[in-house]
Amino acid sequence: MPFKLSTTVFASFIISTLLLLFSYPLLTPPLKSSPPPKPHCNLFTGKWVIDPTHKPIYGPNCPFHRNGWNCIRNKRTQMGKINSWKWKPFGCELGRIDPVGFLGFMRGKRIGFVGDSLNENFVVGLLCVLWKGDGGGRKWKRKGAWRGGFFPRFNVTVGYHRAVLLAKYEFQSNQSDHNGLKAFNRVDVDIPAADWADITDFYDVLVFNTGHWWNLDKFPKEKPLVFYEGGHPIIPPLGILDGLKVVLANMVSHIENRVPRNTLKLWRLQSPRHFFGGDWNQNGSCLFDSPLEEAQLDFWFDPSNNGVNKEARQINNLIQEAVRGTNIGLLNLTHLSEYRADAHPAIWLGKQDAVAIWGQDCMHWCLPGVPDTWVDILTELIRRHFAGG
């Protein structure tokens, strides 16, 4: 005889099942959703902190060194202390580059720098760091590069193209008088310098700068910059900073039109100078043993104070205006570098009588030194770009 479930038992079963189903969400913890991705913090704002474990990645024997910046070999004092300062952004940690890991990440790619000797300072630091990831790295000077390196294990190329004004310029003398001038430097504001005109599609990353040559020390009134556009002198003649504005507008336009969109394009803002007591040719000095305090920075660098180190912020304003609304990112290394009055070659230049001839070097940086922090920031931005982060 088949088993028959009584009406009472069946009803109890149905009620129990329904109660269990409705109470399940209360009895089990809710599934945790993935936390929203943490936004990237601003790597350019922070503070310098002493970290005794913070040591240079490379030393004085890097084959890419430039003598005047090789401060360990030149026996600059306090190099241990200079390199124990670590940049700590507010709200996050700035990791140090892993040379092998970065080279592997960039396999088959090329990184180019265009600009003046402060970009060269930057490049030398990057080359020395990457050399620790590929000891077979060798010097590379193709495509018009002033200096560079090739790392064969990873097929990675780094090149520096010297173009101090970015635009084409040439010294002209024995010409018919130009507004009473027998010699001047012609700047074609709408023509990029030949050193980089043909490399716009060669590199996967391009870092531009200009600024340190836009002054009367480099181009005195007897041999000034005279600006041309479309092959003709600009009338009325432009002063140096007004000429820089026009050059920036034209070079930014050229970069946007000629450099492929998938190339990471960065403009490095100015590297600050730290001359104290006068300019480079007025016995200016930078024999400091610690970074500046934040409260000192405006006194040193605010253009309204008309000090000898005002150019960085002054020119940054022009650059920021020129790249606004474009696909060129800003590599704003100025603020973090303003603190580091202690980290220049100063009198340790590696050549006899160099100080007597040129004065102290309070513009370029010791290597290893501050540019290695620039490298950490740049390589993190490159990683974010190509990883889609």
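Mentor: Let us begin with the term itself: a salt bridge is a side-chain nitrogen of Lys or Arg within 4 Å of a carboxyl oxygen of Asp or Glu. The model is a predicted one, in which local features need pLDDT of at least 70 and side-chain atom pairs count only at pLDDT 80 or more, while totals for chains, interfaces and linings use all residues. Residues are numbered from 1 along each chain as its sequence is written, and side-chain values use heavy atoms, with hydrogens and water left out.

Searching the whole structure gives 13 salt bridges, and one of them joins the side chains of Glu120 and Arg66, with 2.9 Å from N to O. This pair links distant parts of the chain, 54 residues apart, since Glu120 lies in helix α4 (residues 117–131) and Arg66 in the loop between β1 (46–50) and α2 (79–82); here helices (H or I, at least four residues) and strands (E, at least two) are DSSP runs, numbered from the N terminus. Glu120 is buried, at a relative accessible area of 1%, whereas Arg66 is partly exposed, at 34%, where buried means under 20% relative accessible area, exposed over 50%, and partly exposed in between (1.4 Å probe, protein chains only).

Another salt bridge brings Arg324 and Glu321 together through their side chains, at 2.3 Å from N to O, and here Arg324 is exposed at 55% relative accessibility, as is Glu321 at 52%. Returning to Glu120 and Arg66, salt bridges with shared partners join these two and Arg147 into one network.
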